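User: I would like to go through this structure with you, one topic at a time. Please keep the answers plain.

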Amino acid sequence: MTVASLASVGVSYADHDVLSNINLNLDDNCRIALTGANGSGKTTLLRLIAGRSSPDVGTVTRTKGCEVGYLPQSGLVHRDRCLYDEAELAFAPLHDAVAQQQRIADEIALTEAGPQQTRLLEKLHALQERIEHANYYQRQASIDLVLTGLGFAREDFSRDVSQFSSGWQMRIALAKVLLAQPDLLLLDEPTNYLDLEAREWLESFLLNYAGGFVLVSHDRHFLDTTVSEVLELFLGEIKRFRGNYSRYEALRSKELADLKKRFEQQQLEIARTEDFIRRFRYNASKAQMVQSRIKQLEKLQRIEIPDSMKHIHFSFPKPRRSGDKVLTLEAVSRSYGDTPVLSNVSLTIQRGNKVAVVGPNGAGKSTLLRIVASVDRGYQGSLRYGSNVALSYFSEEQSLQMDPDASVVQTIEAAADSALLPRVRDLLGAFLFRGNDIHKPVGVLSGGETSRVSLLRMLVRPANLLVLDEPTNHLDMFSKDVLLDALCSYEGTVVFVSHDRHFLDGLADRVVEIARPARQQFSVVTDYPGDYAYYRHRTSRPDDSPQDSDAHVAGKTPAQQADAEEQPNPSSNRQHQQRKARRNRLRVMEREELQLMQQIETTEQRHSDIEQQMALPQSYRDGERMQELQRQLQEVRGEQQRLSALWEELESDRAAMESQQ
C-alpha cells in the first residue's frame, strides 16, 4: 500500500534548486537508503515526506489512515519525565483509541441490528486491528526490549530524561519512533549516536519491521544489511537503484566513470573554445566566428561534477621509524572512586599494528586509549613506550584545545607538515569544509565541525603512533573512505575505537575486546590476533574459550608471549588445478553479472518512465490509462525482483567462490 507520494516536487533556496521535479511513491514495505552528497537535499526530502515542510512546487500526498514517523538528525531534548514514562508516550495515540473502542462497544450494545450496527462493528474491528498491531497490550515488554536494545540499562528506566546527554537524548527519540510502529519510518542518520552493539540491534529490528522505512546513514555495513533499494539525490534529481548499498556503488561507479569521461571531454572542448576566443577576440576578420563561439559557450549545458565525486588521495607525512615494540602495558588497573574499570591489563603493541579496541559502552574503551596516550595517568601498573615513538591522540575532548579565533584553514596550515601545505584545501574538502567554510573561525563551528578540524589537524602532523577515539564520528562515507585509505597505507601504528563496521573490517589487523561479564566488577580485556572478521568468527561460537587458542586474556598471558608461526602448506598439483578452475568460473560470473547489471539498468529506466507518466495530470484524468500504467508498473517491479534475485544468487555464489581462493 502506498503511504506517501511526491509529484513534480521542487524546492529552491535563493537561486539554487535543491530538489527538482521529484516523482516518488513510497509504500509500507519499502526498504530504502537515501543517499547523496552533503547538501544534496536528503534532510529536505525527508521533511517533505514527513509533512514538516512544504514544497515550492508540486504536491506531497500522504494516504489517509497511514502513519509516518520521523527522526531528525539532532536537536531533540526531553525533560520532566522518567525514561520509562517518556518511552510510554509513543503509545499515547493508542490510549485514545482504546477509550474510543470502549465507547463504540457500549454504543453497539445499545444499537439494534441493522446498517448502523454494521458500521459500528466495522469501525470497532478496525480499531482492534490497529491496537493489536501496535502491541498495545504488550507495550511494557516492547518498551523494555527497545530501550535495552538501544543501550539503556534497566536502572536507567527511572532516571529523569533531562539527566541524559545529547547523544542519549537522540536514542530516546529513536526509541519512541520505533515503539510507535508507523507505516513508514523516516530515520535521518539514526546510527550517529549508536555504538556497535546498538547498531547491530537496530539492524535486527529493521530486518523484522512490519512497515516500510527510509534511512539516511553514513554506515555502509548498516545499509548493506538493512536495505533493498537505494534512492540517490544527484544535482537536484532522484534516481532509484535496486539492491543493497554495495550493489548501488557497483552500478553507480560505471555511470560516474562515464560522466567523468564526458566531463573531461567537455572541459577540453571548453578550453579549446576559450583559447580561440582569447586569440582572435580583437581580430576583425574573425569577429563573427568569435561571437559564434561565445554564444556556443553560453548555450552549452555544462556537465557538473560534485565535490563528492572528485577523487582525493591523502597520505600521511612519512613518520620516523619506531622500535619494534611500540608500547607495553603491564598489570595496569584503573578505578574511578570506588568503581573499578580495568584490572591487571597487560598488552604489547608491535610496530605496524592496526589495533581495534571494541566493547560495549561503559566497558572502558576510551579509558584504555587515554592511558595508552598518557592523557590519563591515574592508573596503577606500568606503561612503557618503545624507542623513537612519536604519538598523536584524537578524541572529541581534544577539540577544545584549539585557538577559537583562528580560521579552519589557518589551524590546519599551522599544524601541517611542509610537504602537505599545497594540498591543505583539498584535504579540508575531503573533511567537508568547502568554499567559505574554510575561513570560519574555529570558535563558531558546531561540535561535529570542530571534531573534524581536530581530527585533520592531528592527521597532518608527523607521528608514528596514532591513538584515535571514534575518528569516524561526523564523517560522511566519502570522508571515511579518504581516511580509511590513508590509514591502510600508513606505515606507523594505529590504536583506534570505531563503531563503523566497514571501517573496522577495512583497517583492523588485531582486535582487543573490553567486556564486562555479568556479576563482575571490572572489565576483562581479551586480545584477538586477527582482523575484525576473525574476531567476529571467534566470538560468535558459543563454545569458544580464549584459553583454547591464540586469543588470550590480557594480564593472564605474559605480554612477551610469542606469536605462533604458521607452518607452510604447499599446494599439490590437484589444488593448483582447482584454483585455476575457480578463477575461470569467477571470470564467467563477472561477465554474467555485467549482463545482469545492464538488464537491471534498463528496467530501472522503464520504472522511472512509468512513474513520471503516472504523475502527469492527463494520466490522473484518464482512468483506463492509469490502470494500464499501474499494470505496466507491476510487471516492471516483478521483473526487477526477478533480476535482483538472480543477482543476489550470483553474488552469493561468487562470494563463496572467492572465499575459497
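User: How many helices and strands does the protein have?
Analyst: The protein has 20 helices and 19 strands. Please note that this is a predicted model.

User: What share of the residues is buried?
Analyst: Of the 661 residues in the protein, 47% are buried.

User: And what about contacts between residues at least 6 apart in sequence: what percentage join residues at least 24 apart?
Analyst: Among those contacts, 68% join residues at least 24 apart.

User: Let us turn to α1. Is the helix enclosed or open?
Analyst: Helix α1 covers residues 42–50, and seven of its nine residues are buried, so the helix is largely enclosed by the rest of the structure.

User: Which ones are buried in α1?
Analyst: The buried residues of α1 are Lys42, Thr44, Leu45, Leu46, Leu48, Ile49 and Ala50.

User: Now the six-stranded sheet. What is the strand order?
Analyst: The order is β5-β6-β7-β3-β8-β9, in an open sheet with mixed pairing. At the edges are β5 (68–71) and β9 (237–242), each of which pairs on one side only. Neighbouring strands of this sheet are turned by 15° against each other on average, with direction ignored.

User: How do β3 and β8 pair?
Analyst: Strand β3 (residues 31–35) pairs with strand β8 (residues 229–234) in the parallel sense, over four bridges. Within this region, Thr35 stands opposite Glu232 in β8.

User: Which strands does α9 lie across?
Analyst: α9 lies across β3, β8 and β9, and runs at about 130° to β9.

User: Staying with α9, how does the helix pack with α10?
Analyst: Two packed helices are described by the angle between their axes and the distance between the axes. For α9 (residues 245–280) and α10 (residues 287–299), the angle is about 145° and the axes are 10 Å apart. The crossing of α9 past α10 is left-handed.

User: Which residues meet there?
Analyst: From α9 there are Ile270, Thr273, Glu274, Phe276, Ile277 and Phe280, which meet Met289, Val290, Arg293, Ile294 and Leu297 of α10. By class, the contact of α9 with α10 has eight nonpolar, one polar and two charged residues.

User: What about α5 and α6?
Analyst: Helix α5 (residues 139–149) packs with helix α6 (residues 166–180) at an angle of about 140°, and their axes are 10 Å apart. That angle makes α5 oblique to α6. α5 passes α6 in a right-handed crossing. On the α5 side, the contact is made by Ser142, Ile143, Val146 and Leu147, and on the α6 side by Ala175, Leu178 and Leu179. By class, the contact of α5 with α6 has six nonpolar, one polar and no charged residues.

User: Next, the sheet of three strands. What are the order and the pairing?
Analyst: The order is β11-β10-β13, in an open sheet with antiparallel pairing. β11 (339–350) and β13 (380–385) stand at the edges with a single partner strand each, so one side of each is left without a neighbour in the sheet. On average, neighbouring strands are turned by 10° against each other, direction ignored.

User: How many bridges join β10 and β11?
Analyst: Strand β10 (residues 325–336) and β11 pair over eight bridges, in the antiparallel sense. Arg334, for example, has Leu342 in β11 as its bridge partner.

User: Which helix packs on this sheet?
Analyst: Helix α11 (residues 365–372) does, touching β10, β11 and β13. The direction of α11 makes about 130° with that of β10.

User: Last topic: β15. Is the strand covered or exposed?
Analyst: Strand β15 (residues 465–469) is mostly covered, with five of its five residues buried. In a regular strand the side chains alternate between the two faces of the sheet. In β15, Leu465, Val467 and Asp469 lie on one side and Leu466 and Leu468 on the other, and both faces are covered.

User: Which strands does β15 pair with?
Analyst: Strand β14 (residues 391–394) is joined to β15 by four bridges, and the two run parallel. The bridge partner of Leu391 is Leu465 in β15. β15 also pairs with strand β16 (residues 493–497), in the parallel sense over five bridges. There, Asp469 has Val497 in β16 as its bridge partner.

Methods
Residues are numbered from 1 along each chain as its sequence is written. This is a predicted model: local features need pLDDT of at least 70, side-chain atom pairs count only at pLDDT 80 or more; totals for chains, interfaces and linings use all residues. Side-chain values use heavy atoms; hydrogens and water are left out. Buried means under 20% relative accessible area, exposed over 50%, partly exposed in between (1.4 Å probe, protein chains only). Axes are lines fitted to C-alpha atoms, for helices over the stretch in contact, and angles run from 0 to 180 degrees between N-to-C directions. A crossing is left-handed if the near helix is turned anticlockwise from the far one by less than a right angle, and right-handed if clockwise. Contact means heavy atoms within 4.5 Å. Ala, Val, Leu, Ile, Met, Phe, Trp, Tyr, Cys and Pro count as nonpolar, Asp, Glu, Lys and Arg as charged, and the others, Gly among them, as polar. Two strands pair if DSSP finds at least two bridges between them. Angles under 35 degrees count as roughly parallel, over 145 as roughly antiparallel, 65 to 115 as roughly perpendicular and the rest as oblique.
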